[in-house]
Amino acid sequence: MKAEAIVPFFSTLAATNPRPQTELEYSSVFELLAAVLLSAQATDVGVNKATRELFARAPTPQAMLDLGEARVTELVRTIGLFRTKAKNLLATCRILVDQHGGQVPRTRDALQALPGVGRKTANVVLNVAFGEATMAVDTHVFRVSNRTGLAPGRNPLEVEAVLLKRVPPQYLVDAHHWLILHGRYVCQARAPRCGACAVQAWCDEGRRFAARAAATMRQGDRDGQA
Ligand code: SF4
């Protein structure tokens with residue numbers, strides 16, 4: 001993607017969704033952290049189904065510890081890798097209670113020291129809860145960044161670094177949400193909906209799609225004239 005295309009690309013995404021939000025349900029920073037920790041390789045819809053009851057019963061780290069591993073595991077059993085995630089969630093709660101006064105820490109190092117919390121989860125919490133301009137690169141952000149040519153990279157860390165360099169300051173805080181939602185609903189993995197895509201004009205793959213469509217039209221006209 002050419003540098004001059006980046007502002008129109010984001011301003012178009014911003015116009016279609018001025019206040020993008022995570023689709024995970026939460027009502028506190030702790031619940032956000034827990035929901036993101038549970039969401040690896042799972043859909044937000046599936047996580048929300050499980051966390052509605054989990055958070056009603058255990059809205060704080062201490063309440064989660066009081067609920068106990070067997071009950072927490074039972075409540076998240078519909079989520080992939082639920083046993084490991086339940087263990088990590090409880091180990092994280094133990095550290096939050098013992099070392100952080102029951103609060104979620106605000107630094108990347110402290111977040112990534114929590115069991116089950118990697119760079120992507122820390123980026124989501126820093127961004128969504130604390131308003132920092134971090135880029136959580138999940139499968140959608142990775143795909144859209146590469147397809148559009150906005151931030152090509154061989155792995156999430158490379159894509160994150162390029163995004164932080166190329167995304168204009170006014171779009172930094174919301175950029176990863178726009179990219180996730182665009183990847184989830186328009187630029188889908190198997191069949192990107194280029195013909196219905198609002199940012200096609202600025203996307204590398206979109207321009208190739210438009211050229212192919214134009215060639216098909218010209219061929220159709222020639223066939224019609226023959
Ligand atoms: S034009 Fe196609 S490849 Fe580009 S962002 Fe839109 S859906 Fe994705």
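**Leucine 81**

I started at leucine 81, which sits in the loop between helix H5 (69-75) and helix H6 (82-99). Helices here are DSSP runs of H or I with at least four residues, strands are E runs of at least two, and both are numbered from the N terminus. I noted that this model is predicted, so local features need pLDDT of at least 70, side-chain atom pairs count only at pLDDT 80 or more, and totals for chains, interfaces and linings use all residues. Residue numbers start from 1 along each chain as its sequence is written.

Leucine 81 has a positive phi of about 60°, although it is not a glycine. My cut-offs: a residue with 20 or more other C-beta atoms within 10 Å of its own is buried, one with 12 or fewer is exposed, and anything in between is partly exposed, with C-beta atoms placed from the backbone.

**Glutamine 41**

Next I looked up glutamine 41, in the loop between H2 and helix H3 (44-57). Its phi is positive too, about 55°, and glutamine 41 is not a glycine. Glutamine 41 is exposed, with 9 other C-beta atoms within 10 Å.

**The whole chain**

Then I stepped back to the protein chain, which has 12 helices and zero strands. I checked its size: the C-alpha atoms fill a box of roughly 80 × 35 × 30 Å along the principal axes. Of the 226 residues, 35% are buried.

I also looked at contacts, where two residues count if their C-beta atoms, placed from the backbone, lie within 7 Å. Among contacts between residues at least 6 apart in sequence, 58% join residues at least 24 apart.

**Alanine 14**

Alanine 14 is in helix H1 (residues 6-16). I read it as partly exposed, with 16 other C-beta atoms within 10 Å. Alanine 14 and aspartate 174 are 160 residues apart in sequence, and their C-alpha atoms are 8.7 Å apart in space.

**H2 against H8**

Two packed helices are described by the angle between their axes and the distance between the axes. I looked up helix H2 (residues 29-38) and helix H8 (residues 119-128), which pack at about 150° with axes 10 Å apart. That makes H2 roughly antiparallel to H8. The axes are lines fitted to C-alpha atoms, for helices over the stretch in contact, and angles run from 0 to 180 degrees between N-to-C directions. Under 35 degrees counts as roughly parallel, over 145 as roughly antiparallel, 65 to 115 as roughly perpendicular, and the rest as oblique.

Which residues make the contact? I listed Leu32, Leu33, Val36 and Leu37 of H2, with Thr121, Val124, Val125 and Val128 of H8. By class, the contact of H2 with H8 has seven nonpolar residues, one polar and no charged. For the classes, Ala, Val, Leu, Ile, Met, Phe, Trp, Tyr, Cys and Pro are nonpolar, Asp, Glu, Lys and Arg are charged, and the others, Gly among them, are polar.

**H9 against H11**

H9 and helix H11 (residues 172-185) pack at about 85°, with their axes 8 Å apart. H9 and H11 are therefore roughly perpendicular to each other. On the H9 side I found His140, Val141, Arg143, Val144 and Ser145, which meet His176, Leu179, Ile180, His182, Gly183 and Arg184 in H11. This contact of H9 with H11 divides into four nonpolar, five polar and two charged residues.

I zoomed in on histidine 140, which counts as partly exposed with 19 C-beta neighbours inside 10 Å. Leaving out residues up to four places away in sequence, histidine 140 touches Leu179, Ile180, Gly183 and Arg184.

The buried residues of H9 are Val141, Phe142, Val144, Ser145, Arg147 and Thr148. They pack against helix H10 (156-166), H11 and H12. After H9 comes glycine 149, with a positive phi near 85°.

**Around the ligand**

How many residues surround the ligand? I got 14, and the closest are Cys187, Cys194, Cys197, Cys203 and Gly206. H12 gives the most, with three residues. The shell has eight nonpolar, three polar and three charged residues.

Definitions and conventions
Near = placed C-beta within 6 Å.
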